[in-house]
Amino acid sequence: MADKDDSAAALIERARKAATRAYAPYSGFSVGCAIEAEDGSIATGSNMENACYRLGTCAEISALTSAQQAFGLSKIRRIAVAGGHLGDDGMLVGAQAVTPCGGCRQAIAEASDLADHDIQVISASGDGETVSTTTIAALLPASFGPKNLKDADG
Ligand code: THU
């Protein structure tokens, strides 16, 4: 039977595989994200860049959109991210773990607020060898979310 670390490794592999489908001709940095739901379902995404550079989309946003379609943001249990470049064999390589950018942290925090629980965030290097695990609350403390809009008009 797979233990917890094995299942994290499987989620990281899904993120690494998603990165091989990134469209990142400008940065050369391919990122993949795999999002696991409470029931074990997985949604994935990768970064998609554009000749108009500022219109690029991060892997996490792409995967969150896919997760919303597949099972809903409120069902998210944990998220794995991996990034690097594609080696000669087409596999993702790179030694540094990728941590979600500020904007992606804000988007993950929104899901955490909807789910009403913290979300685990697993950062992996391109080769999958370096892994660091934390949570969205630790990555984005004192965040602004839906609950901060209580005093809005209407
Ligand atoms: N990128 C992501 O996809 N996720 C992150 O959290 C950090 C950065 C992408 C955006 C851009 O396509 C490339 O990595 C280089 O910044």
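Trainee: How far does a polar side-chain atom of E49 lie from an oxygen atom of the ligand?

Mentor: Please bear in mind that this is a predicted model. To read such a contact, one looks for a pair of N or O atoms within 3.5 Å. Here the distance from a polar side-chain atom of E49 to a ligand oxygen is 2.5 Å.

Trainee: Which other residues have an N or O atom at 2.9 Å from an oxygen atom of the ligand?

Mentor: One is N47, through an N or O atom of its side chain, at 2.9 Å. In A59, by contrast, a backbone N or O atom is involved, also at 2.9 Å from a ligand oxygen. As for cover, the ligand on its own has 370 Å² of accessible area, and the protein covers 75% of this.

Trainee: Which residues surround the ligand?

Mentor: A shell is read as the residues with a heavy atom within 4 Å of the molecule. In this model the shell consists of S27, F29, V31, N47, E49, C58, A59, E60, T99, P100 and C101. By class, six of the shell residues are nonpolar, three are polar and two are charged.

Trainee: How much space lies in the second largest pocket, and which residues lie nearest its centre?

Mentor: The second largest pocket contains about 160 Å³ of space. Of its 15 lining residues, A109, S112, D113, I136 and S143 lie nearest the centre. The classes here are six nonpolar, five polar and four charged.

Trainee: Which helices each supply at least two residues of that lining?

Mentor: They are helix 3 (102–115) and helix 4 (136–139). Helix 3 gives the largest share of the lining of the second largest pocket, namely four residues.

Methods
Residues are numbered from 1 along each chain as its sequence is written. This is a predicted model: local features need pLDDT of at least 70, side-chain atom pairs count only at pLDDT 80 or more; totals for chains, interfaces and linings use all residues. Side-chain values use heavy atoms; hydrogens and water are left out. A polar contact is a pair of N or O atoms within 3.5 Å; within protein, one must be able to donate a hydrogen and the other to accept it, and residues adjacent in sequence count only if both atoms are side-chain atoms. Accessible areas come from the Shrake-Rupley method with a 1.4 Å probe; for residues, only the protein chains shown count as cover. Ala, Val, Leu, Ile, Met, Phe, Trp, Tyr, Cys and Pro count as nonpolar, Asp, Glu, Lys and Arg as charged, and the others, Gly among them, as polar. On a 1 Å grid over the protein atoms alone, a cavity is a set of points where a 1.4 Å probe fits but cannot get out, and a pocket is an open set with protein on both sides within 12 Å along at least five of seven lines; lining residues have an atom within 4 Å of a point. Grid points are joined across faces, edges and corners, and a volume is the space filled by probe spheres set on the points.
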